[in-house]
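Here's a quick briefing to read alongside the structure. Have a look at the model first, then come back for the walk-through.

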Amino acid sequence: MDGGKFFGAFRASSGITDVVVLNHVPVGCNWGAAIFKTTSNQFDMRHACTVMHEREIVFGGEDALREALIRADDLYDTPLLLVIAGDAPLIIGDDVEAVVNSVTLDAEVVWMEAAGFKGSMMDGYEEALLRMAGLMKESETIEDSVNLIGFSPDDFKVDADVKEIKRLLRDAGIEVNSVISKCSLEEFRRAPAAELNVVLGQGTLLAEQMKKEFGLPYLKMDYPYGLDGTSHFVGAISDDLGIGHEPEFDIEPFKRVYLYLHELYGTPVSVIGDFHAEAMANFLDGELGFNVEVLSGNEDDYFEFEEDVRNSNTTILFGSSFEQNIAETLNIPLIRFCYPVFDNVCVYDDAPYAGYRGAVCLTEAIINTVMSYGGMK
Amino acid sequence: MRKFCMYGKGGIGKSTIVSNIAAALAENGDTIMVMGCDPKSDMTRNLIGKRIPTVLDVFRSKGPDTMEAEDVVFKGFGGVYCIEAGGPEPGVGCAGRGVITAVDMIDRLGVFNDIEPDTVIYDVLGDVVCGGFAMPLRQGLAEDVYIVTTCDPMAIYAANNICKGIQRFANRSAVTLGGIIYNGRSVVDEPSIIDGFAERLGTKVMGRVPMSLLVPRAELRRKTVIEYAPDSEIADTFRALATAICENKDRVMPEPLSDDELDGINEKIEVLLKEREETGSNPVGDV
């Protein structure tokens with residue numbers, strides 16, 4: 001299931017953590033985008049909206065946008081306003097560029113068009129980052145440093161995952177320069193200082209652009225789930241940078257639950273999600289020995305996925321909060337790992353799903369979910 | 001309550017016909033209401049003598065909660081209640097949504113219940129370019145549609161498109177085609193062509209409005225011909241048309257023509273045009 005271009009643009013934009021996003025949309029689109037973001041970070045309310053009503057649809061939303069720009073500039077102490085025009089203004093043909101050019105503000109403005117009907121969530125993410133690429137400035141290269149591209153501020157476990165990936169890379173002698181899009185404006189601006197861009201699932205267009213403009217090479221990697229996945233991730237990056245680090249991991253925690261893992265060997269499961277899904281499936285079948293029966297991406301037909309899961313032997317479902325219904329219907333547990341998760345919170349930033357620690361946490365979550373699942377008693 | 005709407009290509013004479021029909025019906029002492037659903041907002045000008053604030057003007061300036069019926073309903077010649085939907089400036093916003101909003105506002109203000117008109121006539125922008133302009137075809141707003149056309153290929157094409165719109169909504173509401181109104185004000189004036197067109201649609205020509213210099217004269221003075229020249233032949237034509245429409249019970253679901261059939265009509269018109277060029281004669285009927 002795909003949220004469409006507007007959601008992708010909003011997620012990329014709101015990842016710049018000290019600027020304000022101004023959504024030029026009716027209230028529902030704004031609410032939808034915000035609600036997924038605020039589940040785990042309820043004070044992060046850095047976004048404004050033109051709140052288009054019927055009047056704006058009939059007469060055009062340009063006046064409302066102009067007023068909102070002026071008011072947002074006045075109300076927020078922000079160096080940058082990221083304006084995202086969604087479906088309604090683009091259907092009626094609001095001239096966003098002309099409005100932005102007609103006002104003089106303290107804040108810098110970057111605007112983008114992201115109608116949900118014009119593309120996928122990933123398209124919105126990619127294009128938003130491209131629009132923001134102009135904010136970057138040539139910086140002196142920091143040796144053995146990388147940018148991580150592909151994150152969104154409302155990814156499940158994002159804080160913990162980023163922290164774990166940074167820790168692992170630091171152990172390998174690699175500094176993380178910028179995490180896109182989960183960073184301050186200053187961090188985003190200085191992204192060209194890295195020696196390498198690491199693209200995790202999305203953000204390739206930005207990486208291409210940075211390669212062209214700053215000569216910065218990039219490496220496309222799977223999201224680092226599991227021990228093998230993480231070792232490969234750290235190893236490939238360190239090889240690319242010529243560091244030659246040999247990743248090491250500790251299997252002690254897994255020994256403690258060996259008997260459970262042994263029992264779970266061959267468990268039929270299904271996985272659905274964005275680019276995280278395939279990496280998760282690799283961990284589940286490659287490392288835990290589960291049988292992945294159905295694997296579905298955002299671009300796949302959701303109804304087909306539901307049908308396939310129903311017709312499979314799936315006993316654990318891995319996905320987002322959207323899969324709650326099907327899990328309930330099939331009376332099987334759901335492990336949430338992928339956007340959007342709005343019925344679980346992630347407060348503790350030391351319990352990741354990515355990296356070595358993430359492999360432990362995930363394994364723990366899976367075993368606990370299975371052991372405590374009421375429906376299986 | 002008799003409710004019908006008038007459709008047709010832009011500039012075809014819909015507003016002239018609607019305002020004159022309304023004035024003619026009002027002469028009988030009936031309570032008549034007309035609503036212009038065209039961003040141009042000038043249908044009621046000939047009934048009132050000036051432009052009136054539109055529903056969307058008031059909606060924009062006062063907002064939906066404080067506007068009142070008195071802000072948007074005005075009495076014109078013969079006591080005809082006049083409403084203009086209005087619309088955005090050219091090039092911005094969404095005129096189609098504007099029609100929906102305006103009709104919705106009129107409904108919310110309870111105008112129909114308060115005034116209880118005997119007849120309501122909607123005058124709708126020519127080509128049904130989007131869902132908004134099909135609004136009067138939906139929700140039982142009108143019982144039947146009358147399409148104004150001249151003997152020009154583009155006008156006939158637009159009329160055929162409107163029939164497609166009627167057909168589309170047939171399954172959802174009870175709107176039907178009441179008939180065709182032939183406006184003789186065109187380069188080629190050949191009533192038999194429109195008779196044939198109507199027949200193929202499965203309907204009939206309700207009336208024929210001949211070209212008359214009295215119409216532009218009256219409009220120059222911002223009047224209907226019913227008011228400006230009540231004893232004229234053209235005024236009687238509008239009276240007869242008004243009666244025919246009000247009493248019409250012959251409503252059909254149109255069978256829109258295929259492109260090939262439309263081409264056939266175009267060829268006939270072309271032949272007439274050539275004849276006119278060759279003979280130097282004017283194929284226009286009685287002027």
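Which residues of helix 1 of chain A are buried? They are Lys5(A), Phe6(A), Phe7(A), Gly8(A), Ala9(A), Phe10(A), Arg11(A), Ala12(A), Ser13(A) and Ser14(A). Keep in mind that this is a predicted model.

**Chain A overall**

- Chain A has 17 helices and twelve strands.
- For its 377 residues, a compact globule would have a radius of gyration near 21 Å, and chain A comes in at 22 Å, which agrees.
- The C-alpha trace of chain A spans about 65 × 50 × 30 Å along its principal axes.
- Of the 377 residues in chain A, 51% are buried.
- Take the contacts in chain A between residues at least 6 apart in sequence: 70% of them join residues at least 24 apart.

**Helix 1 of chain A**

- Helix 1 covers residues 5–14 of chain A, and ten of its ten residues are buried, so the rest of the structure largely encloses it.
- The buried list has Lys5(A) and Arg11(A) on it, along with Phe6(A), Phe7(A) and Phe10(A), among others.

**A four-stranded sheet in chain A**

- This one is an open sheet with parallel pairing, and its four strands come in the order 6-5-7-8 (chain A).
- Strand 6 (175–180) and strand 8 (218–221) of chain A sit at the edges with a single partner strand each, so each has one side without a neighbour in the sheet.
- On average, neighbouring strands here are turned by 25 degrees against each other, direction ignored.
- Strand 5 (residues 145–149) of chain A runs parallel to strand 6 of chain A, and five bridges join the two.
- In that pairing, Ser145(A) stands opposite Glu175(A) of strand 6 of chain A.

**Helices lying across that sheet**

- Helix 8 (residues 158–171) of chain A lies across strand 5 and strand 6 of chain A, at about 155 degrees to strand 6 of chain A.
- Helix 10 (residues 204–214) of chain A lies across strand 5, strand 7 (196–200) and strand 8 of chain A, and runs at about 165 degrees to strand 7 of chain A.

**A helix crossing in chain B**

- The axes of helix 3 (residues 55–62) and helix 5 (residues 95–108) of chain B come within 9 Å and cross at roughly 80 degrees.
- Helix 3 of chain B and helix 5 of chain B are therefore roughly perpendicular to each other.
- Helix 3 of chain B brings Val55(B), Leu56(B) and Phe59(B) to the contact, while helix 5 of chain B brings Gly98(B), Thr101(B), Ala102(B), Met105(B) and Ile106(B).
- By type, the residues of this contact split into six nonpolar, two polar and no charged.

Note on methods
Residues are numbered from 1 along each chain as its sequence is written. Chains are lettered from A and ligands numbered from 1 in the order in which they are written. This is a predicted model: local features need pLDDT of at least 70, side-chain atom pairs count only at pLDDT 80 or more; totals for chains, interfaces and linings use all residues. Two strands pair if DSSP finds at least two bridges between them. Axes are lines fitted to C-alpha atoms, for helices over the stretch in contact, and angles run from 0 to 180 degrees between N-to-C directions. Two residues are in contact if their C-beta atoms, placed from the backbone, lie within 7 Å. A residue is buried if 20 or more other C-beta atoms lie within 10 Å of its own, exposed if 12 or fewer, and partly exposed in between; C-beta atoms are placed from the backbone. Angles under 35 degrees count as roughly parallel, over 145 as roughly antiparallel, 65 to 115 as roughly perpendicular and the rest as oblique. Ala, Val, Leu, Ile, Met, Phe, Trp, Tyr, Cys and Pro count as nonpolar, Asp, Glu, Lys and Arg as charged, and the others, Gly among them, as polar. The radius of gyration is taken over C-alpha atoms; the globule rule is 2.2 Å times the number of residues to the power 0.38.
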